[in-house]
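Hi everyone, thanks for coming. Let's take a look at this one together, starting with strands and then moving on to a pocket.

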Amino acid sequence: IKHLTKAVACGSAEAYVTVFRPTNPGTGDGPAIWNEQLLSYAAYNQDGKVIGDPKNLRFTQMLEERFGWKGPPDGKQGPYDYLPLVIQSSPNDAPQLFDVPLECAPEVHIHHPEHPELSELNMRWYPIPAVCALDMTIGGIVYSAVPFNGWYANTEVLRDLTDASRYNMLVPVARTLGLDPDTKPGDEPLWKDEVMTVLNKA
């Protein structure tokens with residue numbers, strides 16, 4: 001939580017790394033963060049339709065099966081619910097869940113100065129990519145919990161919002177902008193280029 005707070009405190013992302021204690025040289029036991037990133041959105045299967053980030057569907061299902069986590073405390077499952085952090089101090093200790101306070105990770109809402117209707121889609125993204133699923137080895141000493149963050153490039157967020165396997169927002173954005181996404185056979189899908197240009201500026 002301190003890492004996230006410090007990384008976004010100045011209003012623009014700064015790169016930081018947090019190094020937890022190393023693993024035991026004899027047993028290899030060490031702390032672990034189960035999440036792939038410190039910040040990511042949940043995914044729920046609602047009547048056969050995935051709400052949220054499909055990339056995290058299996059992780060979200062695991063949280064429900066093992067920990068009984070079903071989303072925010074108010075019970076309202078939405079497309080942009082932060083996943084809790086699963087932290088295990090050692091293999092012999094039970095993992096614990098920690099909610100991410102919203103004040104530590106203020107979301108970036110997607111708006112466009114010339115297309116206010118885009119705001120109706122309520123698109124957003126978390127402020128920084130903070131990877132925590134990688135080990136670090138220094139001089140033969142292994143650190144199994146080393147979350148670090150950088151900052152997002154526009155293209156990364158565009159991919160996350162528009163890829164068919166992620167939020168798949170190309171067609172909804174096109175229709176909101178008044179574009180026709182129903183391309184006829186043989187036609188060039190130029191509407192996709194226009195959507196990506198608008199989203200990039202937003």
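Strand S1 and strand S12 (residues 148-149) run antiparallel and are joined by two bridges. A quick word on terms: strands (E, at least two residues) and helices (H or I, at least four) are DSSP runs numbered from the N terminus, and two strands pair if DSSP finds at least two bridges between them. Please keep in mind that this is a predicted model, where local features need pLDDT of at least 70, side-chain atom pairs count only at pLDDT 80 or more, and totals for chains, interfaces and linings use all residues. Residues are numbered from 1 along each chain as its sequence is written, and side-chain values use heavy atoms, with hydrogens and water left out.

Back to our pair: Tyr16 has Asn149 in S12 as its bridge partner. Both strands belong to an open, antiparallel sheet of three, in the order S1-S12-S9. S1 (16-17) and S9 (130-131) are at the edges with a single partner strand each, so one side of each has no neighbour in the sheet.

Now find S3 (residues 43-46) and S4 (residues 49-52), which pair antiparallel over four bridges. Asn45 has Val50 in S4 as its bridge partner. Two residues lie between the strands of this hairpin, and Asp47 takes a positive phi near 55°.

**And the pocket**

What is the volume of the largest pocket? About 460 Å³, counted as the space filled by probe spheres set on grid points joined across faces, edges and corners. A pocket here is an open set of points on a 1 Å grid over the protein atoms alone, where a 1.4 Å probe fits, with protein on both sides within 12 Å along at least five of seven lines; lining residues have an atom within 4 Å of a point. H3 gives the most to this lining, four residues.
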